[in-house]
There are 4 protein chains.
Amino acid sequence: MKNEARGARSLGDPEGPHADKYQRILDAGIKVFARKGFHNARVSEIAAEAGVADGTIYIYFKNKDEILIKVFEESLGWIISRVKKELDQEPDPVRKIKRFIWMHLELLEENQALAEVLQVELRQSNKFMKEYLPARWLEYLDIISELVKEGQRQGMITPEISPGIFKRALFGALDELSLNWVLTNKGKSYIKSSAEQLCAIFLKGIVKPGIEV
Amino acid sequence: MKNEARGARSLGDPEGPHADKYQRILDAGIKVFARKGFHNARVSEIAAEAGVADGTIYIYFKNKDEILIKVFEESLGWIISRVKKELDQEPDPVRKIKRFIWMHLELLEENQALAEVLQVELRQSNKFMKEYLPARWLEYLDIISELVKEGQRQGMITPEISPGIFKRALFGALDELSLNWVLTNKGKSYIKSSAEQLCAIFLKGIVKPGIEV
Amino acid sequence: MKNEARGARSLGDPEGPHADKYQRILDAGIKVFARKGFHNARVSEIAAEAGVADGTIYIYFKNKDEILIKVFEESLGWIISRVKKELDQEPDPVRKIKRFIWMHLELLEENQALAEVLQVELRQSNKFMKEYLPARWLEYLDIISELVKEGQRQGMITPEISPGIFKRALFGALDELSLNWVLTNKGKSYIKSSAEQLCAIFLKGIVKPGIEV
Amino acid sequence: MKNEARGARSLGDPEGPHADKYQRILDAGIKVFARKGFHNARVSEIAAEAGVADGTIYIYFKNKDEILIKVFEESLGWIISRVKKELDQEPDPVRKIKRFIWMHLELLEENQALAEVLQVELRQSNKFMKEYLPARWLEYLDIISELVKEGQRQGMITPEISPGIFKRALFGALDELSLNWVLTNKGKSYIKSSAEQLCAIFLKGIVKPGIEV
DNA sequence: GATGAATGAGCTTTCATTCAT
DNA sequence: GATGAATGAAAGCTCATTCAT
């Protein structure tokens, strides 16, 4: 009843009676963290952005840290489910990897504020919230490594490649390119070129066939 | 071999009469920023680490931000000169790219604290100090793109590759892998595997020859 | 014997249609104030302890202060009526004073939480709620001074004694000893010794007969 | 050098280079705690009263609690040493007890603000800072019990009296009377009467010689 | 130049109280 | 009457920066 109008409005999947304000605070958190970074974000600014009183934040979240943690969890959860659903439609691991690259860039393009938060704050947090360590982010990375393993099983991907290193290499490249897109204002075409180029680089390499490496 | 040119001091190349304290503060900054992150680093802790009084910091640096900026500038300057010198010894662009990958990882391995600062804080700062935007970091990235262009001129690298996107893809991958190495404690062998794998991936791709992509 | 008149409810004598919740809040107030002290007691904790909603408190009490005031009033009212009733059974003023000492200690022993609130918070409140100044507490003190006056009239108590100072001296001594009993866990025998000793001290003094003072 | 001018200015015995501000904050703490009570005292008000910035408080004290604790420690330390010195001049234990009663009341009369803090906050703190429990306060109480024991040894005080209960009874009475003096504005004569009456009560009792108790 | 005590703006968080349901 | 989610003022404390010595 309370949530009938939410539909596709925002990331995440809040449940329970407080869903509305919870989600508004989460969305506000994404915006403000993106604008100012976690440390320079003021709780009062998040409250204002969410249209609630400062104190209301603390009904739904233990503290400022928890807002960020929940932003990670809910956003990554939503991204993962979106990505997995689309990958199912691709026939083979190599096509899936291409699709993954495209989706990563497109999803973040659609959610620029979220992109900024994930790129910058996820690193900070990986370093400082070791007790938490976003399990969902590892889950996301493992989508890549699983695709590589499957490709190797099917004989499409060279067996010398380490899936564990590849997943980080690809993620790092994707992350750097979307960060760059977010920071500069290169327009949508940059996303397209980035996707195309990354597919080419990671799948076929850059050295001309026949050249010794 | 690696440190032959650095004298007994440390990274960077401080000049002038204040060289000693200036450099001590800079080194202390790297350590403390690595340990705590920029926002949680206390100026007084940097001062203590450097063995100077709090107020002395402000004789050499305008403010806390400037310590970080100078850490970037001096460290990147030193890295760039080291890298360029070694790349000169490689015969062709493809070999140079391989050398670059190895050096990046090895240099950061040798300077773990610096690695942590560059990886995490450079992102933050890229985002917030747009007025500054570390020119040296772009210079470092451009080493890669110049190598790609040269490779394309010499016909060793496929012309479809965009050097501007490639430089960020490679940097992102390197960065992610060294961050992972820094955060987990995987030992030196992880650096080696990372370098080998990245060379393979970026130069030859992961799809088996003959497979359609 | 001691509780015969109190029915199943508790201290005080709540009347009117709200009697139940009113009393439950009052009792909860005593418990929570005893546990945490007035300032550290949370209205929401009192509500929880009373099994009512936070807002309900404000139907029965103007604010948090008023809960404490009513705790004083109702508790002291109950204590006074209990004490007066028992004193009637004693034949002379000196015996009545002895009885008073015993009853004070025994009543608080039976209501330890109330004891803690009265002892600690009454002082605070005496100091800050000058506008209120618990009339009932003065009434309680005056029981003592009236007994002294009566004793002087009957020639049993030396006329040099000021009833006004004596009442405070005795109350202070009683209060300090019950506070000490509440804070340490000395068991029931400490109450007995305290009563005996106080009777001896206040009635006969501590100096041996014959010694010059 | 820095402290040459302090003389009798304020309680306590601050040492070290920061003595001046430390003592000013302590004195300000006494005043403000007396005026408002610990919980309603604002750190900023103490700072203003001491003529320092808010932050300066935290150079000298860990937090607001510690100001109160140090007020207890230093004040009681000062009181104890003053009292002990004077008691030495009295010839026998009974005379010493009389002197103690007079001094207690006179010292607090001279330091009214301190009196209010000790009386009201010491109780609160006894209850809530069990970890701390002002050792000095116990030391002060023990002055009394030691005098009683000595009096019993010399045969001047009846052996039935428990020094441990007597010390609390006397302290409670003194405390209540000085609280009353502080709260009402009874003038100096009330102090005198209180002292006289307490001496009479505690030493000789209130019951006329010859009356059976 | 070097010091480090002092500053005070500004933050997160708490919680008594209200009021729409 | 009863509820409890929401409010928002207020306070303790931190720490980058200054400046008298």
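How many helices and how many strands does chain A have? In this predicted model, chain A has nine helices and zero strands.

**View 1. The fold of chain A is built from helices.** From the N terminus on, its elements run α-α-α-α-α-α-α-α-α. Chain A holds 213 residues, and 40% of them are buried. Take the contacts in chain A with a separation of 6 or more: 64% of these join residues 24 or more positions apart.

**View 2. Helix 9 of chain A covers residues 188-204.** The helix has 17 residues. From first C-alpha to last it reaches 24 Å, close to the 24 Å expected at 1.5 Å a residue. Its buried residues are Ser194(A), Ala195(A), Gln197(A), Leu198(A), Ala200(A), Ile201(A) and Phe202(A). Within chain A, these buried residues pack against helix 5 (93-110) and helix 8 (163-183). They also pack against helix 8 and helix 9 of chain B. Gly205(A) follows the helix, and its phi is positive, near 80 degrees.

**View 3. Chain A meets chain B.** Each chain brings 45 residues to the contact. On the chain B side, helix 6 (112-128), helix 8 (163-183) and helix 9 (188-204) each supply at least two residues. Helix 8 of chain B gives the most, with 13 residues. By class, the side of chain B that touches chain A has 23 nonpolar, 14 polar and eight charged residues.

**View 4. A rotation relates chain B to chain A.** Two copies of a chain are related by a rotation about an axis and a shift along it. Here the rotation is 179 degrees and the shift along the axis is 0.0 Å. Chain B then superposes on chain A with an RMSD of 0.2 Å. That is the relation of a two-fold axis. Which residue of chain B has the C-alpha nearest the axis? It is Gly205(B), 1.8 Å from the axis. The same surface serves both copies, and 100% of the contact residues of chain B recur in chain A.

**View 5. Chain C meets chain D.** Here 45 residues of chain C are in contact with 44 residues of chain D. Helix 6 (112-128), helix 8 (163-183) and helix 9 (188-204) of chain C each give two or more residues to the side that touches chain D. The largest share, 13 residues, comes from helix 8 of chain C. By class, this side of chain C has 23 nonpolar, 14 polar and eight charged residues. A rotation of 179 degrees with 0.0 Å of shift along its axis superposes chain C on chain D, with an RMSD of 0.2 Å. Gly205(C) comes closest to the rotation axis among the residues of chain C, at 1.7 Å (C-alpha). The same surface serves both copies: 98% of the contact residues of chain C recur in chain D.

**View 6. Helix 5 of chain D has a buried side.** The helix runs over residues 93-110 and has 18 residues. At 1.5 Å a residue it should span 26 Å; its end C-alpha atoms are 25 Å apart, which agrees. Which residues of this helix are buried? They are Pro93(D), Val94(D), Lys96(D), Ile97(D), Phe100(D), Ile101(D), His104(D), Leu105(D) and Leu108(D). These residues cover an arc of only 165 degrees around the axis, so they lie on the same side of helix 5 of chain D. They pack against helix 4 (64-87), helix 6 (112-128), helix 7 (135-153), helix 8 (163-183) and helix 9 (188-204) of chain D.

**View 7. DNA strand F is surrounded by 31 residues.** The closest are Gly55(A), Asn63(B), Ala53(C), Gly55(C) and Gly55(D). Among the elements that each supply at least two residues of this surface are helix 3 (54-60) of chain A and helix 3 (54-60) of chain C. Helix 2 (43-50) and helix 3 (54-60) of chain B, and helix 2 (43-50) and helix 3 (54-60) of chain D, each do likewise. By class, the surface near DNA strand F has ten nonpolar, eleven polar and ten charged residues.

Notes
Residues are numbered from 1 along each chain as its sequence is written. Chains are lettered from A and ligands numbered from 1 in the order in which they are written. This is a predicted model: local features need pLDDT of at least 70, side-chain atom pairs count only at pLDDT 80 or more; totals for chains, interfaces and linings use all residues. Two residues are in contact if their C-beta atoms, placed from the backbone, lie within 7 Å. Helices (H or I, at least four residues) and strands (E, at least two) are DSSP runs, numbered from the N terminus. Ala, Val, Leu, Ile, Met, Phe, Trp, Tyr, Cys and Pro count as nonpolar, Asp, Glu, Lys and Arg as charged, and the others, Gly among them, as polar. A residue is near a molecule or strand if its C-beta atom, placed from the backbone, lies within 6 Å of it. The expected span of a helix is 1.5 Å times one less than its number of residues. A residue is buried if 20 or more other C-beta atoms lie within 10 Å of its own, exposed if 12 or fewer, and partly exposed in between; C-beta atoms are placed from the backbone. The arc is that of the directions from the helix axis to the C-beta atoms. Copies are superposed by least squares on the C-alpha atoms of residues with pLDDT of at least 70 in both.
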